[in-house]
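Here is a short tour of one chain, written for someone who likes to know the cut-offs. Please take a look at the sequence and the fold before reading on.

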Amino acid sequence: MRSLLGMVEALLFVSGDPLSLKDLTKATEWDEDAVHDAVTELRQRYREQDSGLQIVLIDDGYQLATRPEYGETIGKLLAPHANRLSKPALETLTIVAYRQPATQAEVEAIRGVSCDGVLKTLQERELVYEAGRKQTPGRPILYATTTAFLHYFGLTSIDDLPALPEDAPTESEQQAAQISLEAASAL
């Protein structure tokens, strides 16, 4: 088992992306149960050793990452503004995350301003992607969040997003806005 632990740890260390159990099983050539046990043991060891590292589950994949409590210290070493998102980018990303898949027009209707450039920037940063086309006239592009979005915000899945505040529009208000939006886009 010791050699499997080392292999799994090394794979997680060198991979920039989360690795699924299937990926780890294929690379190690061990059975999935043994690989799962190895990941579980490594996760436990990192917790018990008070390590600055942890193995996190992101979108059904495992990744070696730093612990959040060391973020401030790490931030002092790394460029403090290199990965920061602007307020318009955060607003746009929030709308896409909660309404996904969402079209550019839907995002703009909520924000009240154009977001073409912001969506392009979010795509370049691989935080959103084109999830298809809406089956309406003009077939607008649908945007959804990526695994990189989950990683950026430290989420396991999109279900981990905090609930919207109480004063958020009700479903009937959202449907009315959607009907208005569709009517306006048909003109």
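This is a predicted model: local features need pLDDT of at least 70, side-chain atom pairs count only at pLDDT 80 or more; totals for chains, interfaces and linings use all residues.

Residues are numbered from 1 along each chain as its sequence is written, and side-chain values use heavy atoms, with hydrogens and water left out.

The chain holds nine helices and five strands, where helices (H or I, at least four residues) and strands (E, at least two) are DSSP runs numbered from the N terminus. Of its 187 residues, 30% are buried, meaning under 20% relative accessible area with a 1.4 Å probe, protein chains only.

Helices α2 and α3 pack at an angle of about 110°, their axes 9 Å apart; the axes are lines fitted to C-alpha atoms over the stretch in contact, and angles run from 0 to 180 degrees between N-to-C directions. The two are therefore roughly perpendicular, a label for 65 to 115 degrees. Here is who touches whom, with contact meaning heavy atoms within 4.5 Å:

| Helix | Residues | In the contact |
|---|---|---|
| α2 | 21–28 | Leu21, Leu24, Thr25, Thr28 |
| α3 | 32–48 | Glu32, Val35, His36, Val39 |

Now to helix α5, residues 87–99. Its buried residues are Ala89, Thr92, Leu93, Ile95, Val96 and Ala97. The cover over these buried residues of α5 includes helices α6, α7 and α8 and strands β4 and β5.

Key
Buried means under 20% relative accessible area, exposed over 50%, partly exposed in between (1.4 Å probe, protein chains only). Angles under 35 degrees count as roughly parallel, over 145 as roughly antiparallel, 65 to 115 as roughly perpendicular and the rest as oblique. The expected span of a helix is 1.5 Å times one less than its number of residues.
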